[in-house]
Amino acid sequence: MFILMLWLHSCDVLVQGSGSSVEATTQRIKKHSKPGSALSLIKDLVFGQQPENKKPSATSTTAAPQTQPEPPLSETPRAEFIPRVHKYTRESPTAQWRSRKSLPTSARHEVNDSSAKGSSKEGSDEIVFKQHHRALLQPPHQNSRDAKVKEQRTLDYVNWDKMRSYAQILTTPTADTPGTTLLLHFDNKRYLVGSLAEGTQRACVQMGAKMLKVSECFLTGRTEWSNTGGLIGMILTLADSAASSRQSSLEEAVAVAKAKGKQRAVLDDREKMRELEEEAKGKIGRSGTLNFFAPPNLNHTLATARRFVFRKGTPVNVHEISNDRPKKEDEDEDEWAPYWADENVKVWAMSISPSCSAADAAAATSRVSSPTTSRKRSIDEVYGRQQPTAPITANGDSITPKERDQLTVKAVVSEMFNSSWRLDTLYETALSNVNLPAALFIRNPDTGKVEKYHGPLPGDEKPLPDPNLTVLVRRPWPGALVANLPPTEPAKEAISYIIRNHTQRGKFQPETAIKLKVEKGPKWAQLSSGHSVENADGETITPDMVLGPSKEGGGMAVVDLPDASYIEPLINRPEWSEEKVMAGVGAIVWICGKGVATDARLHEFMRRMSGLEHLVSSPDYCPNNIALDSSAAATVRLRKVDPVRYGIPVHDAEASNAMQQTPPLPERGVHVAARGQIVQLEPSFQLQKHQAVPPLDISAVENEMSSEVLTEAAKAQQAVEADQEQAEAWAHNIPSKDAEIITLGTGSALPSKYRNVSATLLRVPGWGNVLFDCGENTLGQLKRVFPPDELKQVLQELKLIFISHMHADHHLGTVGVIKAWYQEVHSAQPAALPAADATDVQSLLAPDQKRLAIISEPAMLTWLSEYSNIEDYGFSRLAPLHNYAGSPQHGIRSKLNWFIPPLQLATLSKDKQVAAVNANLVPPSLLNLSHVQTVLVQHCHGARAVSLTWPSGFKVSYSGDCRPSKSFAQIGKGSTVLIHEATFDDELKGDAEAKNHSTTSEALGVAQGMGARGVVLTHFSQRYQKIPVLEYGGVEDDDAGKEDILVSAEEGGDVDAEMSMNPEDDVAETFPDQLTSNGEEGKQYSIPSKPPTNAPSIMDPTKPSAAGTGPAAVKLKLASDMKVCVAFDLMRVKVGEMAQMEKLTPALLKLFEEEDLKDDEEKVKAVGDGKGKGKGKRGRQQDGKEKAGERGKNGKGSTVRRVSSEGRKS
């Protein structure tokens, strides 16, 4: 049985118990706390602000009544997690299945002793909250820190203003963008409203929507992946944009300080210059909080990502709306006061529960105020989880168990985005006490500098040189220590909003003021602000005497109805007839699930509200237009060059037959929503339909292509035909030559206009399909490649998903794909519990089970498991398989194991760990494979490369993200196809080394080392990757240079520790905590960087072209007949046809040359229009990369035209 890891939150939780370790923790907190520090916050919130001569009991089991004032609240909780791990055991896969999700969170619970089966002891741990913590879960206006919100939500008027405000529709339901998102514009701020589904971020880039001013997001609908799949990526982008903007401001502040120093002739005075810099930096505001208003469970959704999301300095505060009409704080408060307000808008939130039946409605209502909910079938029944049997003690007067769990999760989210953890903070510990994996450092006794420790480690065969040797280690960031989250269950509430501008006072009339003898100056301003004044005769002049009529602020409602069961509760809401809410509202935007917008009840409501404009965003009426125009247009142009490998993205050229058969919408004031449409709220209400973005004209894109490109394309296609016999000879002895590779996402770091993030589909006839990595919106890419009928077949034949590592750009589309597979294969019905006598993996992986295997590291499998608490997306139908990486150098082969949580293994002895793994081994034959081999590679903690072998001898190897690896080359020997990342071009090799990626020539070197028949290059940091031009038979020694270019993971880096040169992005994995000897706070050190490698390049540059831009090509000399394919999104290539692609190189080069010229023209135009001004740090970094490419043209490095996309590793 799972036992929840208890932890200490700085503002939330105190773990109390009889053990001395808890008392020691309490004393450390008091000893090390300093005024204003995180530890001080822990002390204040946990122990209360008590007189010095009074000390709270450390052993009491309930919170004492508070007689002193409550301590002040932080806007978001800050946390330092101190884990308490209890032992437990698991016998078999069946037992794991039955109890894998049991998460008892009781204050008192039984703890299994792994050393004696059946024996147990009762723990006395208890989580204690203070009553004032409850305010963190209340609406913003009820939080004592949000006084400004309190003031603005009761504001009657604002001064008259001509400022324009409007909402623009960014997305409507399409394959690219399954959700509907609006961007509300004000001069000083932006607000996101609607869903944040997968693809939203990329659509914003396509639309040119600027996110820098976004600080509030209003999520509609329910908390489920179809609504929130793009949330994590969007937060990371907003956080990085804010950080980049702040860094740019800091750099400008330093420049201003230097200018002042030069003017005052104090540049050489270090003290005065420091004062000037501090003064300039002081004028820059602190990083603002990113506020989310959302349905229940959004905090939990974010907290499940704690192992792979980590940002500093960007506070994220999620307000979950569970009670849409909060109780009045006092009798004088208006019943219809808004839920939230700022200087621009007032917002009323509507929480809608479905009305499928009276029982369901009652259950949904009870969820608002009760910690437990009765439902037709609980999520625990679906997954066979055990319910906690011990009673849960609620502490304080009003903290319920549900609120305690919500506070716990809220603290985890706080640490994910606003942690005080530092990369350069190290702690002293004895070598024998180090918990692996970990990066170890040691002081050089001669130089005193900190260096990487390379000696024997605990558990090695070699004895430790000195068990008491003092080494320096990092402690994991707090989120990495949270093994399990409190339980939750799917929430049915769907959230909608009514958003209005403030009512404006009438315009000041100077002529009237003069007639009334009011002196011009401050009194005019006071009247304009709503204050009465006296005139020259001593008479009182009130504002209404000099102001024109007031004007209600323009507004709109954004309504989200996931299914028809929400219609009746929505249309019966009292807000629709309340003047205090609806005054000034001019439109309703309807976000409807399938089958909702056609409902007659909704049409009747629209007719009843005919005085408003209605915009309907629904898959029933919105055609599946292309939303990512730039990417689709690029694919269309590639199709003109290579019609075999590229097709027109699947879309609706006009309304589909199904749409033509749907009931028509009411005619008066009802419109189908379209991307780009604008709802103007101020200075007057207008629906601007003419702003809609027209659908992509495929024929126009084709007609714009130059005759030179088309001529080259025709020549290339003729060359392919002429060389058909030779190509067939090359493919003659290749097994499974009809296997097809579909590159769904070929970009790196984050989605761009032209390339989506990593995902590659492999279709093997007679076996099924495997997906290598699954970045955000992989499902949308599948829908663009395959027509609906073929897509069904692809999902039905999906057998395996391999996730290489935990960077967000490689796995955030996994849930969406699994959910679509679950619907198609199992009709969204969960699996029955295994039979009681099913004690081995054979029964769980029997063919009739139709499971989808997920092979990855424990962090990924744990994330999928935890997210299944929030919605039933199909986890019960999966086969979660942990792959133990092999080591060819040590003769260790890979093993597949039915997933055993690391927390369980950590409690077992080494012998019992081995026994548990062996008892749950999954032979590859159960997947109809001959071999599944993985090795750790140098990129980040847990990163793996994989090689799959089929019984036919067909073998495919996939690198994920990594530096060139000798171990990978060894397990991939004899590969039919290698799919390898080539993030950087050769002239950016330093970037590749620093960020643990590969260059083009390094990837090809790995392919040669494997002896691969073909290689697909992918994962590019720019739009155009240089294309290798192959020359065969030009190398005398086939092995020359192969081994030198390969970096063994064991030689090039410590694969078992934090290997990225930017570990702040990687340390979110689950690392063990460390016992330290120099206190809890550690010290900051200068940590050595990794020395660059000097691997030789095997590529030679071609000569610059006459145009002066340089061709995107380099020559590669090979002794083998290996074929190379440079991938673009939506490419479909059969393995046996890879030899044809080299004939297309001249046409592709010509196409890229023209595209490059067009992009240059667009850049010049953008600068001329003023769009290129005000670049932040990130913009300058992109310019720097482009300049690096330019330098390559004139120097010795390979030449390449470059249009860089933004880079970020998550």
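Strands E21 (585-592) and E22 (613-617) run parallel to each other, joined by 5 bridges; strands here are DSSP runs of E with at least two residues, helices are runs of H or I with at least four, both numbered from the N terminus, and two strands pair if DSSP finds at least two bridges between them. One of these bridges links Ile 588 to His 614 in E22. Between E21 and E22 the chain passes through helix H17, in a right-handed β-α-β crossover (clockwise from the first strand over the helix to the second, with the strands pointing away from the viewer).

This is a predicted model, in which local features need pLDDT of at least 70 and side-chain atom pairs count only at pLDDT 80 or more, while totals for chains, interfaces and linings use all residues. Residues are numbered from 1 along each chain as its sequence is written, and side-chain values use heavy atoms, leaving out hydrogens and water.

E22 is also parallel to E23, through 3 bridges, and Val 616 sits opposite Val 672 in E23. Of the 5 residues in E22, 4 are buried (under 20% relative accessible area, with exposed over 50% and partly exposed in between, using a 1.4 Å probe and protein chains only).

Now step back to the whole sheet: 7 strands lie in the order E11-E12-E17-E20-E21-E22-E23, forming an open sheet with mixed pairing. E11 (340-341) and E23 (670-672) are at the edges with a single partner strand each, so one side of each has no neighbour in the sheet. Elsewhere in the sheet, E12 and E17 run antiparallel, joined by 8 bridges, and Trp 348 has Ile 498 in E17 as its bridge partner.

Conventions
Contact = heavy atoms within 4.5 Å. Axes fitted to C-alpha atoms, helices over the stretch in contact; angles between N-to-C directions.
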